Amino acid sequence: VQLQASGGGLVQSGGSLSLSCAASGRTDTAAWFRQAPGKEREFVAATSSSGLTKLHTEAVQGRFTISRDNDKNMVYLQMTNLKPEDTAVYYCAAASKFVPVRARATEYDFWGQGTQVTVSS
């Protein structure tokens with residue numbers, strides 16, 4: 001399965017962006033991670049295969065929402081009230097079989113190429 005992330009861009013602080021991740025086939029648990037310059041990759045959000053179970057890291061709770069459309073093999077990350085500290089390359093990830101909805105990057109089999117999100121102050 002190949003993943004293609006899109007939707008990144010430059011936005012002012014307080015603005016919104018919506019990221020999309022297109023999968024070439026069916027996936028199970030899916031997630032978004034991000035990596036800022038000079039920092040390690042960090043977990044952002046994950047969703048179960050059904051979309052009913054979701055997990056968002058504390059730093060984005062109330063501002064970001066992960067969702068998916070299995071009919072279209074798409075995973076989304078709606079981001080609102082963006083802050084400069086949200087600036088990073090955002091990566092979508094997905095598992096080929098069931099894994100718990102959590103932040104363990106090693107459990108995801110497929111990774112997209114990343115899309116840059118830049119938030120100006």
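1. Let's start with a pair of side chains: Arg102 and Glu107 meet in a salt bridge, at 2.6 Å from N to O. Keep in mind as you look that this is a predicted model. How exposed is each partner? Arg102 is partly exposed, with a relative accessible area of 26%, while Glu107 is buried at 18%. As for the pairing itself, side chains of opposite charge can pair when their charged atoms come close.

2. How many salt bridges does the structure hold? There are five. Some of them share partners, and in that way Arg34, Glu42, Arg63 and Asp86 are joined into one network.

3. Asp86 forms a salt bridge with Arg63, and their closest N and O atoms are 2.7 Å apart. This pair links distant parts of the chain: Asp86 sits in the loop between S8 and S9, Arg63 sits in the loop between S6 and S7, and 23 residues separate them. Are these two buried or exposed? Both Asp86 and Arg63 are buried.

4. Here's another bridge to check. Asp28 pairs with Arg26, with 3.9 Å between the closest N and O atoms. Asp28 has a relative accessible area of 8%, so it is buried. Arg26, with 58% relative accessibility, counts as exposed.

5. On to the nonpolar side of things. The largest nonpolar core has 26 residues, and the ones with the most contacts inside it are Trp32, Val44, Phe64, Leu77, Met79 and Tyr90. Which elements give two or more residues to this core? They are strand S1 (3-6), S3, S4, strand S5 (42-47), S7, strand S8 (74-79), S9 and strand S11 (115-120). There is also a second, separate core of 10 residues, which includes Phe43, Ala46, Ala93 and Ala105.

6. Leaving out residues up to four places away in sequence, Leu77 touches Leu17, Ser18, Leu19, Trp32, Val44, Ala45, Phe64, Thr65, Ile66 and Tyr90. Among these, Trp32, Val44, Phe64 and Tyr90 are also listed with the most contacts inside the largest core.

7. A search of the whole structure finds one cavity of 30 Å³ or more, and about 40 Å³ of space lies in the largest cavity. Its lining is made up of Leu3, Cys21, Ala23, Thr27, Ala30, Ala31, Val75, Cys92, Ala93 and Ala94. By class, that lining has nine nonpolar residues, one polar and no charged ones.

8. Where does the lining come from? Strand S3 (17-23), strand S4 (30-35) and strand S9 (88-94) each supply at least two residues. S9 gives the largest share, three residues.

9. Last stop: Thr57, in the loop between strand S6 (54-56) and strand S7 (64-69). Thr57 is partly exposed, with a relative accessible area of 24%. Setting aside neighbours within four places in sequence, Thr57 is in contact with Phe43 and Val44. Compare Lys83: Thr57 and Lys83 are 26 residues apart in sequence and 15 Å apart in space, C-alpha to C-alpha.

Technical notes. Residues numbered from 1 in each chain as written. Predicted model: local features only at pLDDT ≥ 70, side-chain atom pairs only at ≥ 80, totals over all residues. Heavy atoms only, no water. 1 Å grid on protein atoms, 1.4 Å probe; cavity = no way out; pocket = protein on both sides within 12 Å on 5 of 7 lines; lining within 4 Å. Points joined across faces, edges and corners; volume = space filled by probe spheres on them. Helix = DSSP H or I, 4+ residues; strand = E, 2+ residues; numbered from the N terminus. Nonpolar A, V, L, I, M, F, W, Y, C, P; charged D, E, K, R; others polar. Buried < 20%, exposed > 50% of the residue type's maximum accessible area, 1.4 Å probe, protein only. Contact = heavy atoms within 4.5 Å. Core = buried A, V, L, I, M, F, W, Y, C linked by side-chain atoms within 4.5 Å. Salt bridge = Lys/Arg side-chain N within 4 Å of Asp/Glu carboxyl O.
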